[in-house]
Amino acid sequence: MENKLDLIVCKFGGSSVSSVEKFKKIKEIISSDERRRIIVTSAIGKSKASDNKITDLLYLLHAHVEYNVNYDSIFNNIKTRYLKIRDDLNLDLNLEEEFDNILNNINDYSLDYLVSRGEYLSGLLLSKYLGYSFLDSKDVIKFDYNGKVDYEETKKAFDKLYKKGMKVVIPGFYGSYPNGDIKLFSRGGSDITGSIMAKICKALRYENYTDVNGFYMASPKIINNPLLIKEITYNELRELSYMGASVIHEEAIFPIQENNIPLYILNTDKPNEIGTIITKDNNDKNNIITGIAGKKDFMAFNIIKNKNSSKLEVINFVLNILKKFNVKVESIPSSIDSFSIVVSESDVNKYMYDIIALIKSSLDIEEVTVSHNIALIAIVGKNMVYKPGISAKIFSIFGNNNINIKLISQNINELSIIVGVENEDFEKAITCVYDEMVNKK
């Protein structure tokens, strides 16, 4: 196996494999550095606004099959997109046989298997075009039966297939259980595949190519021409990714963080621009905050306990109820006899009244109310710990702009400050914080 200086893992997102022109740009990038020998690809994305992502179409295809609805147009759309790229690149690749196999067995395929065909077919195209070997992810990425990546088995499988100096393309987004059944990652999981490959290969770096120049200090959909984040730490990136900065999957950080493998976010169309570099440490002290991100549509269960009850026991009681419904908790602000549990509206919509009834069944709880339409905003930056009064400044910014703060949460290391506001104040709140703490710093 190569040492850390010999190998670069590259992952190309759906927009980067969406057309013949994009394939040609990938080849230019790969050809410019011999160390780029392990390539991970997503399924075909949108080449124009009216297109659908292939992954979305495959999910829709499975739903049509499951409910016995005619799916010919969806299937043919998917097939046409892949055949067009193959034909325009003049590749000698029998995709018709692949699609015939899918069609002939479509009623027997699991959701995970059918959806994984997007990455699988992209991998076949890209490997043929680059002249690289194709490694099927089901033979490389190994899950245990709990759905967790088994790194030991993954490394064994890869070492068995990969020989020093090989150039390979591996489909992202999926692997297999011990029995060989296909298992998908969550959406955006091709990022995780690339990260896993970088870890087990001890890569020099992991390059993630997409359709933007890197991470910005705020969403360009809200802030006009926000500043690019040139350097950021793994922990800061996870905070921003989790709170809505969707350039890369937040779980893609774990595999590379342990070995301190740098992650580069780069633009397929502008590969020579610096992009964003993510590492364990960043000595840049110029910016107080690194970035701002957020999401809308949260809600809170507001609970008042009996005065003589243990708050810890009551919180644990409510958390166990939410666990039964697979509801993910975002924040738990509290006072002496009350606390709130903030969750995503979409997680609890179906079970709202069941959850409330179960919470009210406790004799230790006096009152339960619900607050809706909450937006959470994360102000992230490792340098905030060195600057007193950041929380006070945020309160002042919101107060001066008539934005009501519904909750505020900050951990002891001050890596991030989470602020809850009304959904309708979301864009205004981000704009105000950016103006005061970035534009006027």
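Two strands are taken to pair if DSSP finds at least two bridges between them. Strands (E, at least two residues) and helices (H or I, at least four) are DSSP runs, numbered from the N terminus. The model is predicted, so local features need pLDDT of at least 70 and side-chain atom pairs count only at pLDDT 80 or more, while totals for chains, interfaces and linings use all residues. Residues are numbered from 1 along each chain as its sequence is written, and side-chain values use heavy atoms, with hydrogens and water left out.

Strand β14 (residues 365-380) runs antiparallel to strand β16 (residues 416-422), the two being joined by seven bridges. Here I374 stands opposite E422 in β16. Strand β14 is also antiparallel to strand β11 (residues 291-305), this time through twelve bridges, and I365 in β14 is the bridge partner of K305.

A further sheet is open and has eight strands in the order β3-β4-β2-β1-β7-β9-β10-β8, with mixed pairing. Its edges are β3 (133-134) and β8 (231-233); each has a single partner strand, so one side of each is left without a neighbour in the sheet. Helix α7 (residues 190-201) packs on this sheet, where contact (heavy atoms within 4.5 Å) is made with β1 (8-12), β2, β4 and β7 (205-210). The direction of α7 makes about 155° with that of β2; axes are lines fitted to C-alpha atoms, for helices over the stretch in contact, and angles run from 0 to 180 degrees between N-to-C directions. Strands β2 (residues 36-41) and β4 (residues 168-171) are parallel and share four bridges, with I39 partnered by V169 in β4.

Helices α4 (residues 95-104) and α5 (residues 111-130) have axes that come within 12 Å and cross at roughly 170°. That makes α4 roughly antiparallel to α5, a term for angles over 145 degrees. On the α4 side, L95, E98, F99 and I102 meet L114, R117, Y120, L121, L124 and L125 of α5.

Finally, S340 lies in strand β13 (residues 338-344). With a relative accessible area of 17%, S340 is buried, that is, under 20% with a 1.4 Å probe and protein chains only. Beyond its neighbours within four places in sequence, S340 is in contact with A300, F301, N302, S331, I332 and P333. Among them, N302 is joined to S340 by a side-chain polar contact of 2.7 Å, meaning a pair of N or O atoms within 3.5 Å, one able to donate a hydrogen and the other to accept it; residues adjacent in sequence count only if both atoms are side-chain atoms.

Methods:
Buried means under 20% relative accessible area, exposed over 50%, partly exposed in between (1.4 Å probe, protein chains only). Angles under 35 degrees count as roughly parallel, over 145 as roughly antiparallel, 65 to 115 as roughly perpendicular and the rest as oblique.
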